[in-house]
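Hi everyone, thanks for coming along. Let me put it up on the screen.

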Amino acid sequence: QDLALVAVMAVRQAAAEKWAQRRAAEARQKEAPDDEAGGSDASPSTTKRGRGGRRQRAQTGGSQAAEAWDPAAMAMYNSYAMFPNPAMGAFPGMFPPPMPYGMFPNPMSPFGMYPGMGMPGFFPPGVDVSPTVGRARTQGFGSGKKGSKNDNMEVTKSKSVPVEGAKGGSRKKGKAKDGTPTAGGSPIGKGQSGDADRQLPEVELDWEEVRPKIVETARGEAACRWMLKQLDGADPGMLEDICAAVNPEASKLASEAHVSLLLQKLLDVGSQEQKKTLVAALQQDLVKNSNDAFGCRVVQKMLEVASRDALVQMAAELNDHVISCIESMHGNHVIQKCVERMPPDSVGFIVKAIEEQTCTMASHMYGCRVVQRLLEHCAVTRLAKMLEDIVGQAATLAQDPYGNYVVQHVLQFGRKEDKAAIIGIVTGDVVTFSKNKCSSNVVDKCFEVSTIGEHAQALEKERTALMEAVLGEPGAETPPLQQMTEDRFGNYIVQRVLEHSRGTERGRLLQQLQDVAPQLKSSVRGKRIYAALQKELGVTQAKVAAS
């Protein structure tokens, strides 16, 4: 330790002496006349014209820059650097042999090797260290990617705000109504791309030159767009040539980015015979294409145009792969399209696969979508086992980020007894369900279906019990309704209960809210309830005055 300390002190002293010598030399150079300091301004290096002169001046400038760089001098104010081992002497060079390859503390800095941001010695003199928060973001800054989605955003201290007039500045990631991220789309083409605003150059091709190499041409993005444009109102001969070119390899081409768009277009504009031939060719790799980012779009288009016999064949092909497709971010769209397009008696293979693990699928990011499509398009008599499993686990599913959407669909499309059972479960612990982010949606749906839903009259008993659970016993010190007013999600349920209340229960509800009106008025979350209360009281007083 003593030797190391001596070495460090020696290095410090040598660096200080060298720095002082450098400063003295600069001072003497400034005081000396021009002819003594390096000649007059009319030197050959500065007056010679042409390429050689520029090269000579560049070499002269480079040498001056090299002389100006001094590790010892720079060490006085740059602590964030690599320095040689102090035991090797005072700056003999950054990597003199046998210099070990390592990093050592800067002997010139009292902060060691890495001074913290903003500490003395971190930035050299003259560097602008003012914060960049609030400045307009320059294109490509930070991310290093050209054309990133934040290129048109202005960074502020609180949030990113779209710059007015910028294209795509306010684009958001897509989500389905069930809260799950959208997927299954080809990232090529307007409406399917996060880069849809990118303008491609228009190309004009000669069809006679394209005809011998249709598939190769379609693999190019600009050329593929030209072909798609030609197919709008194309003559039968061109359409026949394109179909003949793509049919032999259609199942493989479906997974290619641009050619998949051409296949979708052919399924749109082709004749019935051409569509039938193309659908038959695409069935060869149906499962593979269903789980592909581009192929799933082609399969969905197939399901829209295929005949009943072709749909039955496709169902048989997918029979053993239902769960794997459902769990795929692309394949689940194909299964949903099967439920929507296939005859009801042909989707039994999907119902059977889900019945074996109903709750797992109902709480799955993509599985919940398929269960919802089944509830929308299939008769409830065919979904009896599935409905029983969902109702049996309704308390758990209601609080699940994805399962709560399935429970809401049962309340909307299920049987009367299923709805009554779910409302009963919610009534048993309405405060807890109302304060949960996911299950609060289910509580809202319970009030809706029991008040204005299809089976509202048959559910009057369950609705009364649910309303009593919210209002609590008369004379209670803190009714359940007041426990929900200050909650992040519960206050929304209070507003919905106020909207669906009627008769004597409405009077009790308004009275309870009036009792805590001062607290609601001064509360962040209670302000909305207070505004709704004032609106209701104003309407009531107007009706009384009119009568």
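Let's start with alanine 398, which counts as buried because its relative accessibility is 3%; buried here means under 20% relative accessible area, exposed means over 50%, and partly exposed is in between, with a 1.4 Å probe and protein chains only.

Before going further, a word on ground rules. This is a predicted model, so local features need pLDDT of at least 70 and side-chain atom pairs count only at pLDDT 80 or more, while totals for chains, interfaces and linings use all residues. Residues are numbered from 1 along each chain as its sequence is written, and side-chain values use heavy atoms, with hydrogens and water left out.

Back to alanine 398. You'll find alanine 398 in the loop between helix 22 (394–397) and helix 23; helices (H or I, at least four residues) and strands (E, at least two) are DSSP runs, numbered from the N terminus. Leaving aside residues up to four places away in sequence, alanine 398 touches Asn404, Val407, Phe433, Cys438, Ser439 and Val442, where contact means heavy atoms within 4.5 Å. Its C-alpha atom is separated by 9.9 Å from that of lysine 437, 39 residues apart along the chain.

Serine 439 belongs to helix 26 (residues 439–452), and serine 439 counts as buried, at 0% relative accessibility. Apart from residues up to four places away in sequence, serine 439 touches Ala398, Gln399, Thr432 and Phe433. From serine 439 to glutamine 399 the C-alpha distance is 4.7 Å, although the two are 40 residues apart in sequence.

Now, is alanine 245 buried, partly exposed or exposed? Alanine 245 is partly exposed, with a relative accessible area of 29%. This residue sits in helix 9 (residues 236–246). Not counting residues up to four places away in sequence, alanine 245 touches Ile214 and Val215.

On to whole helices. How many residues of helix 11 are buried? Eight of the eleven residues in helix 11 (residues 259–269) are, so the helix is largely enclosed by the rest of the structure. The buried ones are Val259, Ser260, Leu261, Leu262, Leu263, Gln264, Leu266 and Leu267. They pack against helix 7 (214–218), helix 8 (221–231), helix 9, helix 10 (250–253), helix 12 and helix 14.

Helix 20 (residues 367–377) is mostly covered too, with nine of its eleven residues buried. Among them are Cys368, Arg369, Arg373 and Leu374. The cover includes helix 17 (331–341), helix 21 (384–392) and helix 23 (403–413).

Next, two helix pairs. Helix 12 (residues 272–282) packs on helix 14 (residues 295–305) at an angle of about 135°, with the axes 11 Å apart; axes are lines fitted to C-alpha atoms, for helices over the stretch in contact, and angles run from 0 to 180 degrees between N-to-C directions. That makes helix 12 oblique to helix 14, since angles under 35 degrees count as roughly parallel, over 145 as roughly antiparallel, 65 to 115 as roughly perpendicular and the rest as oblique. Lys275, Val279 and Leu282 of helix 12 make the contact with Val298, Met302 and Val305 of helix 14.

The axes of helix 27 (residues 460–471) and helix 30 (residues 503–515) come within 11 Å and cross at roughly 15°, which means that helix 27 is roughly parallel to helix 30. Here Arg463, Met467, Glu468 and Leu471 in helix 27 meet Glu505, Arg508, Leu509 and Gln512 in helix 30.

Finally, the whole chain. The secondary structure comes to 32 helices and two strands, and 39% of the 547 residues count as buried. Mean pLDDT is 77, and 67% of residues reach 70 or more; pLDDT is the predictor's confidence in each residue, from 0 to 100. Over residues 33–104 pLDDT stays under 50, and over residues 185–197 the pLDDT is below 50. Where pLDDT is low, the predicted coordinates should not be read in detail.

Thanks, everyone!
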